[in-house]
Amino acid sequence: MAVEKMSLAKALNESLRKALDTDPKVLVMGEDVGKLGGVFRITDGLQKDFGEERVIDTPLAESGIVGTAIGLALRGYRPVVEIQFDGFVFPAYDQIVTQLAKMHARALGKVKLPVVVRIPYGGGIGAVEHHSESPEALFAHVAGLKVVSPSNAADGYWMLQQAIQSDDPVIFFEPKRRYWDKAEVDTESIPDPLHTARVARPGTDITLAAYGPMVKVCLEAAAAAEEEGKSVEVLDLRSMSPIDFDAVQRSVERTGRLVVVHEAPVFYGSGAEIAARITERCFYHLEAPVLRVGGFHAPYPPARLEEEYLPGLDRVLDAVDRSLAY
């Protein structure tokens, strides 16, 4: 068993390396992914080892990058596209929504587009405007796209490989403020299916459901609540489209309460869909309304104000207290 402690950034790098080594049809494309190794060094050393024809530095043109990846996928390749920062994806949104997401249905299933679009997302790193967005709901709303986000190094390693192996387009959101968090990664284990949720911490009183950067916050909240005698279950959703509603339902049937936590704004966020669906499925099991914790319905603020914007321990614990008060 090959177990190594590594950061999420290192795990993603090793995952890309494994994919490039295993399948000659896998390509990596994006701005500064080659010689620089990416601004977060996720692709560090890959161009040196696999060459400029497989790890490709592109112009600063997101629409062109994704459009080229679509063409390569039609020719049998498996492109892995990097969007340098979350706020830079919108020039490519047209290509993703009108072509990448719809080509399979448009061709009545005869065409597959195995494209992975990697997007570092979320705040917490003191960045400037357009570098701290959480646009996952905009993509999860689009039929034809799979949308996932790992919360830790082990999931980063395996989920990226599973995304690359998928014949459907996958939007792969990477929580950038977790890039340097370390965890043990078993590179020979059998991973969970890509779109299944996982209980990160069992509990009996209330469920916190989260994904990506907020899983760590929820685990910290659960540990703090335990000191007050509250048993909090933390469910790592891992996938935003499709959502593993069965796993959420099983958890809520055990605990009777649910708080959905995400960094993106609460208004029209993925938590709204989860709250509505679980209310329908678990109406007679719920002891309190499903609550949501997230960002505010406002543009992401300057770096020195972001800690006020980002959902933190206190806001999660306040929601736990409000739910348990019913």
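Student: Arg198 first. Buried, exposed or partly exposed?
Tutor: Arg198 counts as partly exposed, because its relative accessibility is 25%. Keep in mind that this is a predicted model.

Student: Which residue does Arg198 form a salt bridge with?
Tutor: One partner is Asp155. The closest N and O atoms of the two are 2.8 Å apart.

Student: New topic. What does Glu226 pair with?
Tutor: Glu226 forms a salt bridge with Arg201. Their closest N and O atoms are 2.9 Å apart. Glu226 lies in helix α8 and Arg201 in strand β9, so the pair ties together parts 25 residues apart in sequence.

Student: How accessible are Glu226 and Arg201?
Tutor: Glu226 counts as exposed, at 51% relative accessibility. Arg201 counts as partly exposed, at 22%.

Student: What about Glu228 and Lys230, where do their side chains meet?
Tutor: They meet in a salt bridge, 2.9 Å from N to O. Glu228 is exposed, with a relative accessible area of 58%. Lys230 is buried, with 18%.

Student: Which residues do shared partners join into one network?
Tutor: Asp155, Arg198, Asp236 and Arg238, through salt bridges that share partners.

Student: Last one. How many salt bridges does the count come to?
Tutor: The count comes to 22 salt bridges.

How values were computed: Residues are numbered from 1 along each chain as its sequence is written. This is a predicted model: local features need pLDDT of at least 70, side-chain atom pairs count only at pLDDT 80 or more; totals for chains, interfaces and linings use all residues. Side-chain values use heavy atoms; hydrogens and water are left out. A salt bridge is a side-chain nitrogen of Lys or Arg within 4 Å of a carboxyl oxygen of Asp or Glu. Buried means under 20% relative accessible area, exposed over 50%, partly exposed in between (1.4 Å probe, protein chains only). Helices (H or I, at least four residues) and strands (E, at least two) are DSSP runs, numbered from the N terminus.
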